[in-house]
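The tour begins at the ligand and then moves to some backbone features.

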Amino acid sequence: MGTGKTLDLENETLQNKEERARLEKAGAINIFHWCVILLSLLLTLSAWYFSKKQVEEKSEIRFARATAQVKNLILERMEKYENALWAGAGFLRTVNREISFREWADYGKTISIEKKYPGVNGIGVVYVLKPGQVPAFIDEQKKERPYFKVYPQHKNPDCLVVTYIEPLKDNVKAIGLDLAHEENRYTAAKKARDTGKAQITAPIVLVQDEKQTPGFLFFVPFYRGDSNLTVEERQKNIWGIVSAPFVFNKLIKGVLTKNTQYVDIRISDKEEKLYDKYKPRQENYDPNPLFQQSINIHMYGRNWKFDIRSNLSFRNAVSNNQPLTILISGLTIDLLLLTLFILLSKANQQAVNYADSLNRELREKQEKLSQANEELTQFNYRTSHDLVAPLKTIQGYIYLAKDDLKEDDLESAVSYFAMIENQTLSLISLVNSLLNLCRSDHLNGKSEEIDWKEVIENCTKNLSSMLSNHQVKIEYEITQNKIFFTQKVRLQQILENLISNGIKYSDENENDRFVKVKIESNSNEAQIQIEDNGIGIDPKHQARIFEMFFRGDTSKSYGSGLGMYLVQKHIEFLQGKISFDSQKNKTQFVVFIPNTKLEK
Ligand code: ADP
């Protein structure tokens, strides 16, 4: 039977352990959780990456659009100017004679240069003359404009005299200027003459530009007669050039629109800068531009290099927080997920631990319960035995006394009655001890102030017959400086039991028998010493005196063997301590009991 039970228990424990391990494993962070976090992390990163790519692509497209726009706007504008110049050349060819100052002024007004061609400084007529023809030409011009002169002098075989220019007010200084005096202008003019095509000069500073900023001249040739000629014929038939001076800043200002504000432009012809908005001092300048590009454009015989770079406005316009927001929110979610998993696994571990502690408590309680059961069985057995034994003896004595009475042997009968009385006393003492023991668990747990003298005197009163029977004197000494609180009933029983033992086990051979009680109580605890000069506790019994029903020398004791057991129970309950030292004629018990009214 017993083995079966043990086996069952072992199986149960094994099952419990397996179940516990399963629960612990199920609640811990495992590969599944890590996969979820990893997947979520991957999703976050790819969402961030794609969003970033998308934003980058959009910016790239935007920059490309802005670049193309700048290029196209300038090209378109130049084409428009070219057309205006060809229109002027056409007009001069149609008139087919040297026109007057007024006629060109009228022409200028007709085509509303300032309004229709913003950016152009003016449109002028440059006549090509041989040096010998110049004086007569000047005379002719002076008829209309007496101030007219040709300047500066030079040694080139051609003279290119700026004769008219509209609008005049900004270009007065250029009237009479011989463009052949300077190589750059002369070269471009010759090229226009020889090719019959529109040409521009390399960068120059216009005489009429007070700010002396870079500019250029735009030339379109016109011939006497047919223009569809060979180079030689063109050189021979060249009549003049329609010219337009440009100040670059003005040209660009007219060209660039709102859409091109996102890029900074530098335009250069070889090493010379025509236009430069590429300067770090600019408020919109981006030291690390997101995009930059260089393009070369063939422009009427010149090669213009466009350096275009995005500026801060561009950076602001394309700046998009979406990828960062995606990244941060994604990572936050991942972190929350991880925290959640950790918290869940911790909670699970806590639950398992709690179940463990409950199990442990349950097991401890079970053990205590079976121990208590065992003790109860023992107790029942001993009690029945100890109650029955004196009763049987009494019964025997009664029979004997009855017989003696029948035979009129009164003396013998009286001695039996005395023995019956002894047994009865022993029975009463046993029943009293049992009653005390039974009550001990249900005693009122209330702590109250102790009057030590009263306690000792109660003991003396209760034990008075015992004291006189054994001829024992009781002495006591109390030292108390603070009020002392504990459970009075328990304290009374402790003292009564210890004193009664001191009386019970007094030495008959001793004339001066005593039990001395010394009490010292302070704010923390009370120390109680109980000393007797009795027979002492046999060393071989000393380890067992607190056991239930233990009696040392039964021949010398009326006791039940429950006294010391009860004393220890009460002391444990009051959270005190007991120790003893015993030899023949000196047995001393020392008890410590804490003061339950601790002073702060
Ligand atoms: P009893 O009813 O036998 O007195 P107790 O539990 O009070 O039982 O004491 C247990 C045993 O301890 C006693 O039987 C006795 O042998 C021993 N004992 C206790 N107190 C004293 C003492 N003051 N002097 C000598 N022996 C003692």
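## Around the ligand

Select helix 14 to begin: of the elements around the ligand, helix 14 gives the most to the shell, with 3 residues. The model is a predicted one.

The ligand itself sits in the largest pocket.

Now show the whole shell. The ligand is surrounded by 20 residues, and the closest are K504, Y505, G552, G559 and S560. Coloured by residue class, the shell divides into 10 polar, 6 nonpolar and 4 charged residues.

- G552: a backbone N or O atom of G552 is 2.8 Å from an oxygen atom of the ligand.
- S560: a polar backbone atom of S560 is 2.8 Å from an oxygen atom of the ligand.
- M564: a backbone N or O atom of M564 lies 2.9 Å from an oxygen atom of the ligand.

Most peptide bonds are trans. The next two stops are cis.

Go to P152, in the loop between helix 5 (134-144) and strand 2 (159-166). The peptide bond that joins Y151 and P152 is cis, with omega about -15 degrees.

Then move along to P167, in the loop between strand 2 and helix 6 (183-195). Here the bond from E166 to P167 is cis, and omega is near -10 degrees.

Most residues other than glycine have a negative phi. The last two stops have a positive one.

Select Y300, which lies in the loop between strand 9 (292-299) and strand 10 (302-310). Y300 is not a glycine, yet its phi is positive, at about 45 degrees. Is Y300 buried or exposed? Its relative accessible area is 17%, so Y300 counts as buried, the cut-off being under 20%.

Finish at Q471, in the loop between helix 13 (464-470) and strand 12 (473-480). Q471 is not a glycine either, and has a positive phi of about 55 degrees. Is Q471 buried or exposed? Q471 has a relative accessible area of 55% and is therefore exposed, for which the cut-off is over 50%.

Methods. Residues numbered from 1 in each chain as written. Predicted model: local features only at pLDDT ≥ 70, side-chain atom pairs only at ≥ 80, totals over all residues. Heavy atoms only, no water. Near = heavy atom within 4 Å. Polar contact = N/O pair within 3.5 Å; in protein donor to acceptor, adjacent residues only side chain to side chain. 1 Å grid on protein atoms, 1.4 Å probe; cavity = no way out; pocket = protein on both sides within 12 Å on 5 of 7 lines; lining within 4 Å. Sits in = over half its atoms within 2 Å of the grid points. Helix = DSSP H or I, 4+ residues; strand = E, 2+ residues; numbered from the N terminus. Nonpolar A, V, L, I, M, F, W, Y, C, P; charged D, E, K, R; others polar. Buried < 20%, exposed > 50% of the residue type's maximum accessible area, 1.4 Å probe, protein only.
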